[in-house]
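Thanks for coming, everyone. I'll keep this short. Please look at the screen while I talk.

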Amino acid sequence: MHELALAQSLWGIIQRAAAPHADRRIERARLRLGMLTHVDPETLTFAFQAVTRGTKAERCELVFERVPVTARCGVCAFVGPSATEPGLCPSCGGAGLTVLTGRELEVVTIDVEDPPDA
Ligand SMILES: [Zn+2]
């Protein structure tokens with residue numbers, strides 16, 4: 001299952017990012033998710049919960065920012081939104097589109113719980 005492998009690598013990224021706060025629970029992770037990744041946020045969240053069960057991220061909320069697909073045309077220099085799969089240029093009809101955004105799957109920020117009162 002695609003999302004399960006993604007959830008495992010996501011957990012690896014979050015663990016490394018949260019390493020300075022290894023004793024604290026991870027409460028929230030914000031992700032940028034490009035529309036071209038074909039990842040379903042609900043499925044990924046479900047898989048992430050399964051992967052992190054029993055860890056300090058087991059109640060971690062995943063917040064997704066969906067990144068639309070944009071592309072640049074190598075023929076007419078059009079830059080703008082594209083269909084979900086880049087196909088023909090909406091301006092000149094040429095097939096020279098290069099994807100600029102929409103393939104992202106990255107962790108933007110991670111929130112850990114507040115430190116215990118000293
Ligand atoms: Zn074009």
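Is Ala 77 buried, partly exposed or exposed? Its relative accessibility is 56%, so Ala 77 counts as exposed. One thing to keep in mind from the start: this is a predicted model.

Stay with Ala 77 for a moment. It sits in the loop between β3, residues 70-73, and β4, residues 79-81. Now look at the backbone. The phi of Ala 77 is near 70°, which is a positive value in a residue other than glycine. As background, most residues other than glycine have a negative phi.

His 38 is not a glycine either, and has a positive phi of about 55°. Where is His 38? Find the loop between β1, residues 26-34, and α2. His 38 has a relative accessible area of 51%. The cut-off for exposed is over 50%, so His 38 is exposed.

Next, the metal. Which residues coordinate the zinc ion? Cys 73, Cys 76, Cys 89 and Cys 92 do, each through SG, at 2.3 Å. Along the chain, the donors follow the spacing C-x2-C-x12-C-x2-C.

What about the geometry? The angles subtended by the four donor atoms at the zinc ion run from 106 to 111°, and therefore the arrangement is tetrahedral. For reference, the ideal angle for four tetrahedral donors is 109.5 degrees.

Now take two of those cysteines by accessibility. Cys 73 has 2% relative accessibility, so this residue counts as buried. Cys 76 comes out at 33%, so this one counts as partly exposed.

Gly 87 lies in the loop between β4 and β5, residues 97-101. Gly 87 has a relative accessible area of 37%, so it is partly exposed. From Gly 87 to Leu 97 is ten residues along the chain, and their C-alpha atoms are separated by 7.1 Å.

On to the helices. How many aromatic pairs are there? The count comes to one. The partners are Trp 11 and Phe 48, with ring centres 6.4 Å apart and planes at 85°, so the pair is edge-to-face.

How do the helices themselves meet? The axes of α1 and α2 come within 8 Å and cross at roughly 60°. That makes α1 oblique to α2. As for the hand, α1 passes α2 in a right-handed crossing.

Last stop: the prolines. Pro 115 is in the segment after β6, residues 105-112. With 46% relative accessibility, Pro 115 counts as partly exposed. How far is Pro 115 from Pro 41? In sequence, they are 74 residues apart. In space, C-alpha to C-alpha, they are 29 Å apart.

To recap. We have a tetrahedral zinc site. We have an edge-to-face pair, Trp 11 with Phe 48. And we have positive phi values at His 38 and Ala 77. That's my part done.

Note on methods. Residues are numbered from 1 along each chain as its sequence is written. This is a predicted model: local features need pLDDT of at least 70, side-chain atom pairs count only at pLDDT 80 or more; totals for chains, interfaces and linings use all residues. Side-chain values use heavy atoms; hydrogens and water are left out. Donors are N, O and S atoms within 2.8 Å of the metal (3.2 Å for Na, K and Ca); water is not among the atoms, so sites may look incomplete. Four donors count as tetrahedral if all angles lie between 85 and 135 degrees; four count as square planar and six as octahedral if opposite donors are over 155 degrees apart and all others between 65 and 115; anything else is irregular. Buried means under 20% relative accessible area, exposed over 50%, partly exposed in between (1.4 Å probe, protein chains only). Rings of Phe, Tyr and Trp (its six-membered ring) pair if their centres lie within 6.5 Å; planes under 30 degrees apart count as stacked, over 60 as edge-to-face and the rest as tilted. Axes are lines fitted to C-alpha atoms, for helices over the stretch in contact, and angles run from 0 to 180 degrees between N-to-C directions. Helices (H or I, at least four residues) and strands (E, at least two) are DSSP runs, numbered from the N terminus. Angles under 35 degrees count as roughly parallel, over 145 as roughly antiparallel, 65 to 115 as roughly perpendicular and the rest as oblique. A crossing is left-handed if the near helix is turned anticlockwise from the far one by less than a right angle, and right-handed if clockwise.
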